[in-house]
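Subject: Structure handover

Hello,

Have it open while you read the notes that come after it.

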Amino acid sequence: MGLQISIRESDDVTILDLRGRATIDVGESELLDGRLQTLVANGARKLLLNLTDLTRVDSSGISVIVGTCFSLRRKGGDLRVLRPSGPVLEVFRVLHLLDAIPSFDDEARALASFRSRGYAASSSLRPL
Amino acid sequence: MTSPCSSAPPAPQKTALVVASGKDIDELLNTVLASDGWSIHRAEDNQHALALAATEPFDLIVTGRKMLGPDDVEILRRIRSARAHLRLIILTDRFTPGDVVAAMREGAFSYFSAPFDAAELAEMVRAAMAAPCWDDGIEVLSATPAWVRVTARCDIPTADRLVQFLRGVRDPSIPEGIISAFREVLLNAMEYGGHFDPSQHVEISFIRARRAVACRVKDPGQGFSLEELRHAAINNPADDLLSHVAVRETQGLRPGGFGLLLAKKLVDELIYSEQGNEVLLVKYIDPAISQVA
């Protein structure tokens with residue numbers, strides 16, 4: 001499998017460290033979708049995807065990320081991303097997703113953003 | 001089409017022949033092959049591999065990176081003339097785009113030119129190990145340095161193989177962006193036009209002009225109207241980049257709809273035929289790059 005997912009928590013934020021690629025090839029995007037859906041079904045509302053070691057993403061992977069973000073915001077939660085780079089950042093950039101999904105270079109700042117007073121406001125200002 | 005591959009049941013233990021390519025690559029291949037219980041044989045160089053292949057029925061051969069591209073193709077030709085369905089992955093430091101096309105025409109499973117992406121190589125080896133029937137997947141219909149026409153079977157492993165051949169060319173005028181765009185429209189054609197039915201094929205042309213590269217993909221489906229795809233991001237209004245997500249949810253569709261938009265953003269032109277089962281991608285080449293290429 002070309003995608004490895006590690007899950008950890010920081011207070012009420014669930015962090016997923018993604019390593020490899022989130023593409024349709026051998027079911028990586030399906031794997032990611034399954035993990036995210038399970039987390040949301042189990043009550044997770046604040047998700048941070050650490051994309052530092054994600055080397056490639058295609059439309060299937062993007063669709064999973066955006067779909068989860070959409071679902072979370074309707075439940076009062078949110079999804080944010082950490083350190084997209086290289087081809088992954090390029091995909092986010094050309095699709096203008098950085099305008100809709102907050103992205104951070106620093107994990108502490110990303111976690112703090114979920115606790116800030118503007119958390120709810122930023123989510124509602126940019127509905128998907 | 002080439003003759004379909006054998007439907008004989010797989011042997012209990014598969015054997016691979018790995019030609020020395022240096023410590024890192026050799027260790028990577030060992031790890032991948034051993035993890036699935038394959039027996040691994042080694043050769044010092046490709047000539048040694050050829051001699052071993054004459055007596056041992058290997059299921060997979062990974063060539064050594066230090067050979068010239070044409071020599072790899074000649075070995076491929078000689079080995080496959082004796083064992084038609086053997087899977088051979090070419091690793092090479094020195095090659096031409098013509099070598100890549102020749103390898104595809106002669107039935108290489110895949111082609112990696114330096115510098116190698118270890119993760120991609122590992123995934124391709126796993127794909128080769130898992131592929132029970134692969135060698136009628138890609139057929140080169142015609143090829144000149146400027147225009148290559150192929151057909152590809154409608155399944156994801158075949159799409160991945162074709163994309164890797166394109167990456168293997170390492171043409172500086174074919175950046176990763178257009179390869180990603182090609183991959184998106186290819187998978188779209190295989191899924192929606194061919195329903196991922198392995199008996200169906202997609203037809204592809206790659207055209208390399210002086211100031212542009214183009215790629216045409218024709219699927220076997222009935223086509224569609226781009227304007228009617230409300231569940232696709234490509235039709236979202238400019239001020240609501242993600243409105244199709246709600247449409248898809250209402251229609252009970254799985255997450256998706258970004259493929260065409262992503263392809264469109266990565267090339268300069270994305271043009272559909274009237275029927276909608278043919279699409280043309282065009283990327284204009286920076287004149288400075290075209291002079292280097």
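The notes below go through chain A, the interface, and then some local features of chain B.

This is a predicted model, in which local features need pLDDT of at least 70, side-chain atom pairs count only at pLDDT 80 or more, and totals for chains, interfaces and linings use all residues. Residues are numbered from 1 along each chain as its sequence is written, chains are lettered from A and ligands numbered from 1 in the order in which they are written, and side-chain values use heavy atoms, with hydrogens and water left out.

Chain A

Chain A has 5 helices and 5 strands. Helices (H or I, at least four residues) and strands (E, at least two) are DSSP runs, numbered from the N terminus. Read from the N terminus on, the order in chain A is β-β-α-β-α-β-α-β-α-α. Of the 128 residues in chain A, 57% are buried; buried means under 20% relative accessible area, exposed over 50%, and partly exposed in between, with a 1.4 Å probe and protein chains only. A contact means heavy atoms within 4.5 Å. Among contacts in chain A with a separation of 6 or more, 71% are between residues 24 or more positions apart.

Helix H1 of chain A covers residues 28–41, which is 14 residues. From its first C-alpha to its last, H1(A) reaches 20 Å, close to the 20 Å expected at 1.5 Å a residue. The expected span is 1.5 Å times one less than the number of residues.

Which residues of H1(A) are buried? They are Glu28(A), Ser29(A), Leu32(A), Asp33(A), Leu36(A), Leu39(A) and Val40(A). These residues are on the same side of H1(A) because they cover an arc of only 135° around the axis. The arc is that of the directions from the helix axis to the C-beta atoms. An α-helix has 3.6 residues a turn, so residues three or four places apart point the same way. On the other side of H1(A), Glu30(A) and Ala41(A) are exposed. The buried residues of H1(A) pack against strands S1 (3–10), S2 (13–22) and S3 (46–57) and helix H2 (59–74) of chain A. After H1(A) comes Gly43(A), with a positive phi near 105°.

The interface

In chain B, 23 residues are in contact with 25 residues of chain A. The size of an interface is often given as the accessible area lost when the parts come together. Here the area buried between chain B and chain A is about 2,200 Å², and carbon and sulfur atoms give 62% of it. Buried area is the accessible area (1.4 Å probe) that two parts lose on being put together, summed over both. Glu123(B), Leu242(B) and Phe258(B) supply 24% of the area that chain B buries against chain A, more than any other three residues.

There are 5 salt bridges between chain B and chain A. A salt bridge is a side-chain nitrogen of Lys or Arg within 4 Å of a carboxyl oxygen of Asp or Glu. Arg183(B) and Asp58(A) meet in a salt bridge through their side chains, at 2.8 Å from N to O. The elements that give two or more residues to the side of chain B that touches chain A are helices H5 (118–130), H6 (156–169), H7 (176–193), H8 (243–250) and H9 (259–266) of chain B. The largest share of that side, 5 residues, comes from H9(B).

In H8(B), the residues His244(B), Val245(B) and Arg248(B) are buried. They fall within an arc of 110° seen down the axis of H8(B), so they line one face of the helix. The buried residues of H8(B) pack against H2 of chain A. H8(B) is followed by Gly252(B), which has a positive phi near 75°.

Backbone points in chain B

Most residues other than glycine have a negative phi, and most peptide bonds are trans. The peptide bond from Ala114(B) to Pro115(B) is cis, with omega near 0°. Pro115(B) is in the loop between strand S5 (110–113) and H5 of chain B.

His195(B) is not a glycine, but its phi is positive, near 50°. It lies in the loop between H7 and strand S8 (201–208) of chain B, and it is exposed, with a relative accessible area of 61%. Phe196(B), also not a glycine, has a positive phi of about 50°. Phe196(B) is in the loop between H7 and S8 of chain B and is partly exposed, at a relative accessible area of 27%.

Regards
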